[in-house]
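Have the viewer open as you read.

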Amino acid sequence: MTKLYVILVLLGTLVAPSWSASLDMINVHNQDQLLGRSNSGKTRDMSAFDPNALGRNKYTPPEEKNAQFWYDLAHSEIEKRVNLPQADKRKAKNVIMFLGDGMSLTTVAAARILKGQLKGNTGEEDSLSFEQFPHTGLSRTYCSNAQVPDSACTATAYLCGVKTNIVALGVTAAVTFNNCSASEDPANHVSSIAAWAQAAGKSTGIVTTTTLTHASPSGAYAHSTNRFFQCDTDIVTYGEGQNDPATCTDIATQLITQEPGKNFDVMLGGGMGKFLPKSIVDKFGNAGERSDGVNLLSKWQSLHPDGALAYNRNQLLSVNATRLKKLIGLFNSGLMDFHKLADPVQKPTLEEMTQKAIEMLSTNDNGYFVFIEGGLVDYGNHYNVPQMGLDEVHELSKAVQKAVDMTDPEETLIVVTSDHAHPLSISGYPGRGTDILGLNQHDTDVNGIKYATLNYAVGMQQYLDENGQRVDLTEQIKDPGFVFPSYIKGALGVHSGDDVGIFATGPQSHLFSGMMQQSTIPHLMAYAACIGDGPTLCDRD
């Protein structure tokens with residue numbers, strides 16, 4: 001156990017140079033792959049992914065192209081729950097939604113075990129903060145045309161209450177892939193719980209360890225045929241000649257200039273490059289990504305003279321939440337760094353961002369809605385490095401505990417869930433206390449070779465010899481940067497179609513039990529807070 005602890009403590013310092021050199025924290029979602037394009041007979045190059053692979057050659061049931069189909073389904077699931085005896089009459093003044101991107105139930109279990117082992121215990125008996133919530137349920141994550149989803153169609157489900165096609169954001173499934181004219185049509189737009197909260201006079205915000213224009217937070221404000229249209233340059237890159245930035249509004253522009261994004265009180269995360277022109281070098285020494293010459297951060301400041309920009313941890317922590325009205329915090333050119341590799345002096349933690357967001361939003365007597373994402377759990381799983389992904393779950397758990405500590409359980413509903421799973425397995429009958437990041441000491445394969453307790457279905461390393469037999473990993477697995485084994489060779493790990501967990505506490509949290517469509521989640525939060533156009537608790541008074 002001591003050996004494991006030492007390895008984990010040294011991880012950040014030992015592997016930071018090699019990780020930063022070898023991992024492109026952008027290209028983990030291959031559009032060709034997600035869209036269903038065949039790539040047989042070709043070696044996938046991580047540096048040359050075509051993200052458009054996500055959206056092609058996939059069937060959408062006709063009835064699911066209409067948003068009302070999902071509204072009706074959500075309303076029936078709400079009705080089923082509220083017709084049961086209702087002991088909880090409390091209305092939620094505030095709603096906090098936490099998302100662990102790619103946080104499968106096996107990822108939760110492995111993170112729990114690792115947390116306990118880092119304390120010197122066997123580990124299995126430990127708990128993450130949100131596992132102690134009184135109510136739990138399961139979410140079905142498929143999208144309108146995808147058995148296994150991405151983070152865009154899922155964001156549309158859990159933030160807008162409607163399932164849509166893979167890669168799409170904030171639009172119905174009537175919008176086909178890369179059809180920007182259809183996604184610009186308001187008739188195809190679906191609004192988010194952030195918009196519903198604003199209409200009720202509540203403050204709103206988004207917090208993420210990815211970028212402010214990444215798929216998950218974008219579900220709170222964007223309407224796009226393609227999640228990869230994060231700035232105007234991306235529309236040219238991924239638009240395949242079908243879309244013109246002059247008539248297709250990129251996601252960063254939507255955030256700064258359109259409702260509900262332009263009304264957000266707090267926005268914290270990475271991704272500065274999407275807001276700046278190529279002619280400007282950002283605060284981190286990298287050129288902006290925009291081709292239109294527009295400085296969206298200057299535009300935001302002109303729209304919000306009472307707002308401020310923060311670029312590092314000290315600036316964020318120095319913000320006076322009672323005096324400042326609006327805040328953007330951008331802490332990297334692109335994605336934020338894995339917590340284990342981040343500069344603790346310059347980069348705020350998810351817990352710190354959560355605290356500042358709640359401090360600012362709490363000044364509104366009408367309450368607030370905030371979306372908070374631990375987005376790099378997903379990247380740890382994509383790279384088959386659970387030592388990174390599980391640490392990101394621990395950071396999410398700390399942020400959730402901070403929210404619990406800062407809020408009144410009588411008036412604040414807190415919901416923790418995931419968008420999709422990853423095919424991470426914990427297998428082989430290992431004994432209690434077996435190093436969750438090590439080899440199973442209680443079993444071997446048919447050739448007598450021990451195997452890792454954690455394995456992925458698809459990934460980069462199968463660890464086979466010239467005869468196709470598994471090799472002994474006793475020494476390799478001790479490397480802090482070890483890439484865990486997988487069965488199928490791929491350029492990266494992939495998502496899986498498992499159901500994911502929902503954990504809830506606070507007013508009406510009992511409604512988040514049982515099995516539900518992912519698209520029901522925002523309708524239940526809206527029910528509890530008496531916002532939006534659907535059924536609400538206040539209707540029953």
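## A covered strand

Seven of the seven residues of strand 7 are buried, so this strand is largely enclosed by the rest of the structure. Buried here means under 20% relative accessible area, with exposed over 50% and partly exposed in between (1.4 Å probe, protein chains only). Tyr 368, Val 370, Ile 372 and Gly 374 point one way from strand 7, while Phe 369, Phe 371 and Glu 373 point the other way, and all are buried.

A word on what you are looking at: this is a predicted model, in which local features need pLDDT of at least 70 and side-chain atom pairs count only at pLDDT 80 or more, while totals for chains, interfaces and linings use all residues. Residues are numbered from 1 along each chain as its sequence is written, and side-chain values use heavy atoms, with hydrogens and water left out.

Strand 2 (residues 135-140) and strand 15 run parallel and are joined by four bridges. Within that pair, Gln 517 in strand 15 is the bridge partner of Arg 140. Contact means heavy atoms within 4.5 Å, and angles run from 0 to 180 degrees between N-to-C directions, with axes fitted as lines to C-alpha atoms, for helices over the stretch in contact.

## Helix 5, enclosed

Is helix 5 buried or exposed? Ten of the ten residues of helix 5 are buried, so this helix is largely enclosed by the rest of the structure. The buried residues of helix 5 pack against helix 3, strand 1, helix 7 (193-199), helix 8 (215-218), strand 7 and helix 16.

The axes of helix 5 (residues 151-160) and helix 16 come within 5 Å and cross at roughly 20°. Helix 5 and helix 16 are therefore roughly parallel to each other; angles under 35 degrees count as roughly parallel, over 145 as roughly antiparallel, 65 to 115 as roughly perpendicular and the rest as oblique. Ala 157, Tyr 158, Leu 159 and Cys 160 in helix 5 meet Ile 521, Pro 522, His 523 and Met 525 in helix 16. By class, that contact has seven nonpolar, one polar and no charged residues. Ala, Val, Leu, Ile, Met, Phe, Trp, Tyr, Cys and Pro count as nonpolar, Asp, Glu, Lys and Arg as charged, and the others, Gly among them, as polar.

## Helix 16 and helix 3

Helix 16 is mostly covered too, with nine of its nine residues buried. Helix 3 (residues 67-82) packs with helix 16 at an angle of about 55°, their axes 9 Å apart. That makes helix 3 oblique to helix 16. Tyr 71, Ala 74, His 75, Ile 78, Arg 81 and Val 82 of helix 3 make the contact with His 523, Leu 524 and Tyr 527 of helix 16. These residues divide into six nonpolar, two polar and one charged.

## Ala 528 and the helix end

Ala 528 lies in helix 16 (residues 521-529) and, at 0% relative accessibility, counts as buried. Leaving aside neighbours within four places in sequence, Ala 528 is in contact with Lys 91, Ala 92, Leu 413, Pro 507, Gln 508 and Leu 537. For Pro 507, 21 residues away along the chain, the C-alpha separation from Ala 528 is 6.7 Å. Just after helix 16, Cys 530 takes a positive phi of about 60°.

How values were computed
Two strands pair if DSSP finds at least two bridges between them. Helices (H or I, at least four residues) and strands (E, at least two) are DSSP runs, numbered from the N terminus.
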